[in-house]
Each structure stands twice: as structure tokens, then as C-alpha cells.
Amino acid sequence: LKPLPKNSPVGRLGDNTFSRYAGVVRFEQLPLSKKTKDALRASKFVSMTDIQRASLPHSLCGRDVLGAAKTGSGKTLAFIIPVLVLDEADRILDSGFKRELNAIISQLPKRRQTMLFSATQTKSVQDLARLSLKDPEYLSVHEES
Ligand code: ADP
Ligand code: MG
């Protein structure tokens, strides 16, 4: 298992992470950062649902997961906790969200992989610098009309 970046939202995990956290029932018991735990507690998420209990010990140590559980069983938190996502990047980069985006970026680990997808393509050096994209591949695909 690869070690996670320092400063990662999921904390630093060793090889025996899975066995250590298999069977835990509360978010509080997982190796999550204080910020993540505080946010979960503030949102009244205390006990994990079955799919969260089953998957988080694997996903938090970097394993791929294929999880099946019925609608309403809490699958969103099962993938949101191990992955920090900025969708609708072009809209978010609009100045209206400057404060919110800066707050989010300030909490991201320094060492990370950043993928920016949007309907429009930004090549603005300023935008890319804010998101710390390093030497990104520019990929543009347009359907033939
Ligand atoms: P799914 O994607 O599996 O259909 P959701 O992720 O949308 O389910 O979650 C369904 C509901 O359960 C949401 O309202 C969510 O806030 C709530 N929920 C998820 N996990 C927990 C939890 N651990 N404790 C309490 N409520 C939860
Ligand atoms: Mg869902």
C-alpha cells in the first residue's frame, strides 16, 4: 500500500490499516483528520452505515472499491470522505465563488493529483496557478456536428 500524502484529509495510514479499522462502527474511530471528524460531527454523522463500515477501511488505505448497497444506504459519504472533488470547475472559478474556492483550496494537501474537467476549457495561467495544476495535459474533445 502506498503511503498517503502528508497533510492528507484521511491521515497517515500504514500497511495494517485495514485490519486495524475493520469492524469499527463510528466515524470518530477512523483515521480521519480533525477537520473531517469535526465536520462529520457537526452534520450529526456519528455511526457509520453498513456500506460505510464495510468500505471505508479499504478506501482509506487506497484500495479500489466496488460497493453495492441499496438506495438511501449512505454510499455518498463512502466515497466523499476518501476523495476531497471540485466539479463544475469553470463555474467555480468564476469570481462569484472566490472566497469559497480559496477556503477549500487552503485545506487541500499540497501533494495531490488535480484533475479539472469542465464544459469549457480554461488555459488561464491565473486559474491554473490557483488550483496548482502542475504541467497539465490539455485534452479537448468536441463531437463532430
Ligand atoms: P445512497 O447514495 O446510498 O442512495 P445517500 O448517500 O444519498 O445514499 O444517503 C442517504 C441519506 O442518508 C442522506 O440523507 C444522508 O445524509 C444520510 N446518511 C448517510 N450516511 C449517514 C450516517 N452515517 N448517519 C446518518 N445519516 C447518514
Ligand atoms: Mg447515491
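Tutor: What follows describes the protein chain in brief and then the surroundings of the ligand. The model is a predicted one. The protein chain has seven helices and zero strands, so the order of its elements from the N terminus on can be written α-α-α-α-α-α-α. Of its 145 residues, 28% count as buried. Its accessible surface comes to about 10800 Å², and carbon and sulfur atoms account for 54% of that. Among the contacts between residues at least 6 apart in sequence, 49% join residues at least 24 apart.

Now to the ligand. Around ligand 1 there are 14 residues, and those that come nearest are Ser47, Gln52, Gly72, Lys75 and Thr76. By type, the shell divides into eight polar, four nonpolar and two charged residues. Helix α4, which covers residues 75-80, gives the largest share of this shell, with three residues.

Particular atoms can also be named. Thr76 has a polar side-chain atom 2.6 Å from an oxygen atom of ligand 1. In the case of Gly74, a backbone N or O atom lies 3.1 Å from an oxygen atom of the ligand. Ser47 also uses its backbone: one of its N or O atoms there lies 2.8 Å from a nitrogen atom of ligand 1. As for cover, ligand 1 taken alone exposes 570 Å², and the protein buries 60% of that area.

Definitions and conventions. Residues are numbered from 1 along each chain as its sequence is written. Chains are lettered from A and ligands numbered from 1 in the order in which they are written. This is a predicted model: local features need pLDDT of at least 70, side-chain atom pairs count only at pLDDT 80 or more; totals for chains, interfaces and linings use all residues. Side-chain values use heavy atoms; hydrogens and water are left out. A residue is near a molecule or strand if one of its heavy atoms lies within 4 Å of it. A polar contact is a pair of N or O atoms within 3.5 Å; within protein, one must be able to donate a hydrogen and the other to accept it, and residues adjacent in sequence count only if both atoms are side-chain atoms. Accessible areas come from the Shrake-Rupley method with a 1.4 Å probe; for residues, only the protein chains shown count as cover. Helices (H or I, at least four residues) and strands (E, at least two) are DSSP runs, numbered from the N terminus. Ala, Val, Leu, Ile, Met, Phe, Trp, Tyr, Cys and Pro count as nonpolar, Asp, Glu, Lys and Arg as charged, and the others, Gly among them, as polar. Buried means under 20% relative accessible area, exposed over 50%, partly exposed in between (1.4 Å probe, protein chains only). Contact means heavy atoms within 4.5 Å.
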